[in-house]
Amino acid sequence: MTFKEMNLHPTLLEGMDAMGFEKPTPIQEQAIPICLGGKDMIGIAQTGTGKTAAFVLPTIHKVLSTPDESKIKTLIIVPTRELAVQIDQAIEGFAYFTGISSMAIYGGGDGKEFKQEKTALTSGIDIVIATPGRMISHLNLGYVDFSQLQTLILDEADRMLDMGFQRDLQRILDHVNKDRQTLFFSATMPSKIMDFAKGILKSPEVVKIALSKPAEGVLQGAYVLHQSQKPEMLVELFKGKDVKSAIVFSSTKKNVINIHRILKRAGISTGAISSDLEQKEREEVLLQFKNRRIAVLVATDVVSRGIDIDNIELVVNYDVPGDAEDYVHRIGRTARASATGVGITFVSQDEQYKFLKIEELIGSEIRKLQAPERLGETPEYKPKSGGGQRRFGNKGRGGNQKNKGKFSKGKGGNNSKRKPRPKKGE
Ligand code: AMP
């Protein structure tokens with residue numbers, strides 16, 4: 001099926017054409033007709049599948065097909081500011097020839113931005129993309145009118161519940177038009193999330209796009225180390241190598257600062273981003289990274305989901321992500337388009353069991369790489385017996401030895417075709 005066959009609005013098709021969207025991805029093929037048909041939907045899909053366009057395209061089409069009464073027609077709730085901005089940018093691109101208005105509304109800015117948001121909300125912008133907390137702040141002031149809302153979309157719902165937004169979401173739901181269509185997107189669907197979804201959706205259709213598998217083309221490897229060896233191993237990865245674009249992930253903000261310091265001290269061009277930073281600073285660092293003025297971005301998971309940064313050569317997990325899904329999201333930052341990327345994970349003794357769970361989730365064993373001998377003894381990978389005994393250097397590594405210097409390759413599951421976004425008006 002082509003986008004044209006889906007009978008999307010011609011001005012929308014023009015925008016899609018300009019953005020290089022020719023063929024729908026599987027989630028788009030399945031979800032767009034359901035969304036256009038007006039039914040509620042649960043989409044189980046992760047970033048990289050093309051899920052954003054799967055809900056944005058039918059939404060724009062619907063807005064275009066209804067008379068403009070200066071009322072908010074679509075509300076998209078997302079967990080993070082970055083995702084809000086990214087969805088807004090996608091809408092801007094698709095809707096470029098349509099005259100549809102949209103705005104990303106999120107916390108962290110100054111009073112001026114709040115006023116601008118208020119003006120947009122009261123004048124009835126077509127599509128609002130908001131983080132839950134900020135949306136509540138505006139709702140509390142009483143001027144937001146969701147009575148004509150056609151579509152409510154929750155994106156990365158699992159993430160929002162993980163972040164403790166359930167009550168905020170419930171409060172937003174209390175304010176929106178009951179006749180709306182609701183689209184619910186989540187990368188995972190444990191029973192807690194399914195129950196939540198059932199409570200807010202009317203006989204939804206379910207579209208599930210595979211699996212938590214790293215994108216094809218990601219070469220994965222792991223260094224099994226003592227925690228204290230991680231800084232040196234990190235410097236080793238970058239020192240003297242011409243890495244132009246890499247992300248180092250850590251689960252904690254404190255570690256992000258430490259890692260940033262370690263790399264800086266080693267003379268590696270680096271910037272850090274975590275939710276502690278002001279919005280403006282985060283945007284500035286991201287921009288520098290995208291423009292290749294910074295080679296290594298150190299980040300918490302804030303940027304691991306949803307953010308569309310292309311052509312990253314290397315992703316390093318300085319620690320093993322707590323959630324196996326996060327592993328897939330983190331290394332999903334590399335090997336976009338048809339490029340090949342490398343995903344390396346540092347596994348300390350305490351983290352071995354968690355790492356095993358990741359291997360189980362993705363259905364393949366990730367190669368254990370040999371740390372340089374001068375780092376000293378490294379633990380063996382024995383995840384089931386509490387994290388391995390001490391060994392020295394390369395000797396006696398048994399199973400690990402034969403894997404020296406090799407990687408395992410991702411098994412597919414990412415169906416998106418990516419093209420660089422054209423400049424507006426091109
Ligand atoms: P998403 O999973 O929504 O984050 O999308 C991932 C990336 O794939 C984004 O860069 C999209 O612009 C791109 N993309 C999604 N669908 C298509 C398509 N049908 N054709 C070309 N690029 C696409």
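**Notebook: strands, helices and charged pairs in a predicted model**

I began with strand β12 (residues 314–317), where both faces are covered: L314 and V316 are buried on one side, and V315 and N317 are buried on the other. I note here that the model I am reading is a predicted one.

I then looked up the partners of β12. Strand β9 (residues 246–249) pairs with β12 in the parallel sense over four bridges, and within this pairing N317 of β12 is the bridge partner of F249. Strand β13 (residues 341–347) also pairs with β12 in the parallel sense, again over four bridges, and here I found V315 bridged to G343 of β13.

**The seven-stranded sheet**

Next I followed an open sheet of seven strands, and I wrote down its order as β3-β4-β2-β5-β6-β1-β7, with parallel pairing. The edges are taken by β3 (102–105) and β7 (205–208), each of which has a single partner strand, so one side of each is left without a neighbour in the sheet. Ignoring direction, I noted that neighbouring strands of this sheet are turned against each other by 15 degrees on average.

At the β3 end I checked helix α5 (residues 111–123), which lies across β3 and β4 (127–130) and runs at about 140 degrees to β3.

**R134, an arginine in α6**

I looked up R134 in helix α6. Is R134 buried or exposed? With a relative accessible area of 11%, R134 counts as buried, because the cut-off for buried is under 20%. I found that the side chain of R134 reaches the backbone oxygen of Y106 at 3.3 Å. Apart from neighbours within four places in sequence, R134 is in contact with I105, Y106, G107, G108, D110, E113, F114 and E117.

**Helix α8**

In helix α8 (residues 166–175) I listed the buried residues as L169, I172 and L173. Seen down the axis of α8, these residues fall within an arc of 100 degrees, so they line one face of the helix. When I asked what covers the buried residues of α8, the answer included β2, α6, β5, α7 (157–162) and α9 (191–200).

**Salt bridges**

A search of the whole structure gave me 14 salt bridges, and I followed several of them in detail.

I took E205 and K39, which form a salt bridge with their closest N and O atoms 3.5 Å apart. E205 lies in strand β7 and K39 in the loop between α2 (26–36) and β1, so this pair ties together parts that are 166 residues apart in sequence. I recorded E205 as partly exposed at 33% relative accessibility, and K39 as partly exposed at 37%.

I went on to K71 and D145, whose side chains meet in a salt bridge at 3.7 Å, N to O. This pair links distant parts of the chain, with K71 in the loop between α3 (51–64) and β2 (74–77) and D145 in the loop between α6 (132–140) and β5 (151–154), 74 residues apart. K71 is partly exposed, with a relative accessible area of 29%, and D145 is partly exposed at 28%.

I then checked E236 and R374, where the closest N and O atoms of the salt bridge are 2.5 Å apart. Why does this pair tie together parts that are 138 residues apart in sequence? The reason is that E236 lies in helix α10 (residues 230–238), whereas R374 lies in the loop between β14 (367–369) and β15 (378–379). E236 is partly exposed with a relative accessible area of 22%, while R374 is exposed at 56%.

Technical notes:
Residues are numbered from 1 along each chain as its sequence is written. This is a predicted model: local features need pLDDT of at least 70, side-chain atom pairs count only at pLDDT 80 or more; totals for chains, interfaces and linings use all residues. Side-chain values use heavy atoms; hydrogens and water are left out. Two strands pair if DSSP finds at least two bridges between them. Helices (H or I, at least four residues) and strands (E, at least two) are DSSP runs, numbered from the N terminus. Axes are lines fitted to C-alpha atoms, for helices over the stretch in contact, and angles run from 0 to 180 degrees between N-to-C directions. Contact means heavy atoms within 4.5 Å. A salt bridge is a side-chain nitrogen of Lys or Arg within 4 Å of a carboxyl oxygen of Asp or Glu. Buried means under 20% relative accessible area, exposed over 50%, partly exposed in between (1.4 Å probe, protein chains only). The arc is that of the directions from the helix axis to the C-beta atoms. A polar contact is a pair of N or O atoms within 3.5 Å; within protein, one must be able to donate a hydrogen and the other to accept it, and residues adjacent in sequence count only if both atoms are side-chain atoms.
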